[in-house]
Amino acid sequence: MREPKQRIVKWGIMGTGTIAEQFVADLAHTTNGVAYAVGSRKPGNAALFANQFGIPRTYGSYMELVNDPDIDVIYVATPHRYHLENALNSLRAGKAVLCEKPMTVNSRELEVLISTARERGLFLMEAMWMRFLPPVRKAMEWIRSGRIGEVRLLQAEFGFMADWEPETRLLNPELAGGSLLDVGIYPVAFASMIFGIQPRAIWSTARIGGTGVDEQFSALLTYDTGEVASLHGAIRLGLRNEAVIHGTKGCISLPSMNKAPSVSLYKDGEVVDTYTDDRLGKGYEYEAEEVGRCILAGETESPLMPLDESLKVMEQLDTMRAQWGLRYPFE
């Protein structure tokens, strides 16, 4: 007797930028999903994107995309400012949603999004792809098994030198530009994953650039039992993009925190263990595979990236922006 064919999750891709290209390319390496449709505000862009990746359906508006009855899940890959609107419209159309980080620009918006998903019994997850990468999961396994003892200190940073193009997404305050939401969310989310609790106190500072957005920031987070996280992000300064987790018996290093191609464990300054995965794509396939698994299993949240965790991180980002006196014009 033939085994029943596994159902494949049909993805609708909202947006046609670089991150959408990378995600769809990696979606081809999953076992449970396929890019089924793409939507753009510019029909020509959708057609070009569909042709590039062999996607059967194209739409010249986001609303047409979310109203396609054959789509199971929408991947929201639009600028930060529009995440709430785009994800809400997807949920209201009865679609599961994977939304690029950050899911919204502040915790007030995120609470609306989360409550809508929960009220409707629909899957929602933040696309924090770092969390699903095998070397990051290996690091967490080493921590849980006590290989570096009690974790006391995290140092994490992510930054690059962007070109000076004031109207682009990165530097435009109308699009919620700046280092904190674009790259700073990585080290903050990493700290939340490592320590598992909200910090007792946050001290942060930022360099506000000529367009009115934070071009770089630094933050020190302290926790109730004395742990410390030293975090940095930048869009006009190249950083090493490294995360180092220090424990009482050793430390763990992720040399490229956001991509995490490998992880190493050190004791007494010497490498004692290294893990490298055998990914076929850039690494987005792991989060896509988890979304597909959850949808096929009827789960509305991923245990690997729960919604309450995303909200905790967003509350910390809100606190930092408040310390800098930084509000976006549309807030």
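The report below starts with the ground rules and then takes up each topic.

## Ground rules

This is a predicted model, in which local features need pLDDT of at least 70 and side-chain atom pairs count only at pLDDT 80 or more, while totals for chains, interfaces and linings use all residues. Residues are numbered from 1 along each chain as its sequence is written, and side-chain values use heavy atoms, with hydrogens and water left out.

## The largest pocket

The largest pocket has a volume of about 870 Å³. Here a pocket is an open set of points on a 1 Å grid over the protein atoms alone, where a 1.4 Å probe fits, with protein on both sides within 12 Å along at least five of seven lines; lining residues have an atom within 4 Å of a point. Volume is the space filled by probe spheres set on the points, which are joined across faces, edges and corners.

Of the 30 lining residues, G17, T18, I19, R169 and D182 are the closest to the centre of this pocket. Helices α1 (18–27) and α7 (179–195) each supply at least two residues of the lining; helices are DSSP runs of H or I with at least four residues, strands are runs of E with at least two, and both are numbered from the N terminus. By class, the lining has eleven nonpolar, eleven polar and eight charged residues (nonpolar: Ala, Val, Leu, Ile, Met, Phe, Trp, Tyr, Cys and Pro; charged: Asp, Glu, Lys and Arg; polar: the others, Gly among them).

## The second largest pocket

At about 160 Å³, the second largest pocket is lined by R131, R137, M140, R144, M193, P303, L304 and P306. Helix α6 (residues 134–144) gives the largest share of this lining, three residues. Five of the lining residues are nonpolar, three are charged and none is polar.

## Cysteines

The structure holds zero disulfides (pairs of cysteine sulfur atoms within 2.5 Å). C99 is in no disulfide, and the nearest cysteine sulfur, that of C294, is 16 Å away. C99 is buried, with a relative accessible area of 0%, and C294 is also buried, at 0% (buried means under 20%, with a 1.4 Å probe and protein chains only).

## The open sheet

Eight strands form an open sheet with mixed pairing, in the order β8-β9-β10-β7-β11-β12-β13-β14; two strands pair if DSSP finds at least two bridges between them. The edge strands, β8 (201–208) and β14 (270–276), each pair on one side only.

Strand β8 pairs with β9 (residues 214–222) in the antiparallel sense over eight bridges. The bridge partner of I202 in β9 is L221.

Terms used:
Buried means under 20% relative accessible area, exposed over 50%, partly exposed in between (1.4 Å probe, protein chains only).
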